[in-house]
Amino acid sequence: QSDPVSRGKRSVAVNLKSPAGLEAVRALASKSDVFIEPFRPGVAEKLGLGPTELCAANPRLIYARMTGYGQGGDPKFERLAGHDANYLSLSGALSLFRRFNESPSPPANFAGDYAGGGMMMAMGVLLALLEREKSGKGQIVDAAMVDGANYVALPLFKWVQSGFMPTREDGQIDTQKSILHQAPPWVQIYECKDGKWVSVQAIERHFYDLLVQGLGLSSEKLPKQGDQSTWPWMRERFATIFRRKTRDEWAKVFYGVDACVVPVLTTTEAAVHPHNVKRGSFAPTPESPGLFEPAPAPKLSRTPGFAPRPRPTPGGDTLQVLKDYGFSDEAVAALLKSGAVTDDRSKL
């Protein structure tokens with residue numbers, strides 16, 4: 001399976017078990033701005049590719065380390081295998097993703113690997129590059145998914161502390177009372193007549209009044225919005241009404257209405273929604289005609305970024321990249337002959 005986030009990149013295939021291959025990586029790092037290292041703690045050092053070696057050869061190098069549990073800490077955790085939900089679990093963030101009496105539900109590799117991992121590492125790299133403009137020096141970016149996930153969730157942690165997100169005596173979120181956990185009838189995902197859904201987030205009173213109006217009800221004849229004792233049966237009442245129309249019929253009812261009601265779209269539907277089309281939120285997938293994928297975001301006015309470009313063939317850019325970095329034709333040929341590098345995917 002190819003890397004889903006490698007579009008627009010070039011791929012170099014290097015044999016890290018080869019002394020010549022390791023030397024080639026050191027040579028590349030000596031002329032690079034950023035070096036990203038994805039191994040478990042200690043592996044890069046064993047290869048002679050740790051920050052001590054590479055930053056000594058290139059003092060301006062930004063050395064970014066991407067791990068699950070981070071560098072240091074408990075040695076058992078530091079070197080422990082894991083995946084997205086594991087990192088969310090240790091960060092405390094996974095406990096925040098729960099409804100009613102359900103168990104915590106990881107948001108599909110989104111919050112740990114990418115939001116808390118890749119995006120936070122990218123932010124760290126950008127901060128280091130900005131600082132380098134002043135000092136002229138590189139530095140190490142220690143990006144742990146555990147740290148990144150709980151930092152992205154900082155507002156939620158603060159809301160737990162303040163009581164805005166209520167907790168039970170055991171410290172777990174009281175999902176029967178938490179607005180952000182869909183306890184109220186006016187913060188829900190409702191199923192429609194056709195089995196599809198709409199999202200409702202009518203938290204403020206003026207939004208709530210418009211929601212009720214769109215449902216054909218009157219706020220004056222309903223319990224007060226904040227009366228928690230009525231929330232269970234009000235959820236059922238709203239659910240019954242939403243099941244009377246299809247998702248798209250409800251979308252028309254609330255189109256342009258500040259009731260905070262929006263259809264839940266599939267990834268395919270989102271790509272062709274008129275608002276997203278006008279915004280250019282999606283663009284054609286180069287490898288798959290007829291399919292669309294998210295376009296670069298955020299949108300910059302002068303340098304908006306490239307439209308999605310093809311993913312590289314593993315090792316397909318080895319020769320060109322080595323030459324761009326100053327390797328002579330003879331040096332490249334020697335590396336290929338020794339098996340230190342390759343441009344042949346079948347050998348990977």
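**Briefing: sheet, cores and domains**

Strands E5 and E6 pair in the antiparallel sense, with five bridges between them. The model is predicted. The domain assignment of the chain gives domain 1 (13-155 + 315-347) and domain 2 (187-279). The centres of domain 1 and domain 2, taken over C-alpha atoms, are separated by 43 Å.

**The E5-E6-E7 sheet**

- Three strands make up an open sheet in the order E5-E6-E7, and their pairing is antiparallel.
- E5 and E7 (261-263) are the edge strands, each of which pairs on one side only.
- On average, neighbouring strands of this sheet are turned by 20 degrees against each other, direction ignored.

**Nonpolar cores**

- The largest nonpolar core comprises 25 residues, and Leu 211, Leu 215, Phe 238 and Phe 242 have the most contacts inside it.
- Two or more residues of this core come from each of strand E5 (187-191), strand E6 (197-201), helix H9 (205-214) and helix H10 (231-242).
- H10 gives the most to this core, namely six residues.
- Leaving aside neighbours within four places in sequence, Phe 242 is in contact with Tyr 190, Glu 191, Cys 192, Lys 193, Val 198, Val 200, Leu 211, Leu 215, Trp 250 and Phe 254.
- A second, separate core has 12 residues, among them Tyr 87, Met 121, Val 125 and Met 145.
- In soluble globular proteins, nonpolar side chains tend to be buried together.

- Lys 245 is located in the loop between H10 and helix H11 (247-253).
- Because its relative accessible area is 33%, Lys 245 counts as partly exposed, a class that lies between the limits of 20% and 50%.
- Apart from neighbours within four places in sequence, the contacts of Lys 245 are Cys 192, Lys 193, Trp 250 and Val 253.
- Lys 245 and Phe 39 are 206 residues apart along the chain, and 52 Å separate their C-alpha atoms.

**Strands E2 and E3**

- Strand E2 (residues 34-37) and strand E3 (residues 62-67) run parallel and are joined by four bridges.
- Glu 37 stands opposite Arg 65 in E3.
- Phe 35 and Glu 37 form the covered face of E2, whereas Val 34 and Ile 36 form the uncovered one.

Notes: Residues are numbered from 1 along each chain as its sequence is written. This is a predicted model: local features need pLDDT of at least 70, side-chain atom pairs count only at pLDDT 80 or more; totals for chains, interfaces and linings use all residues. Side-chain values use heavy atoms; hydrogens and water are left out. A nonpolar core is a set of buried Ala, Val, Leu, Ile, Met, Phe, Trp, Tyr and Cys residues joined through side-chain atoms within 4.5 Å. Buried means under 20% relative accessible area, exposed over 50%, partly exposed in between (1.4 Å probe, protein chains only). Contact means heavy atoms within 4.5 Å. Two strands pair if DSSP finds at least two bridges between them. Domain bounds come from an automatic or database domain assignment. Axes are lines fitted to C-alpha atoms, for helices over the stretch in contact, and angles run from 0 to 180 degrees between N-to-C directions.
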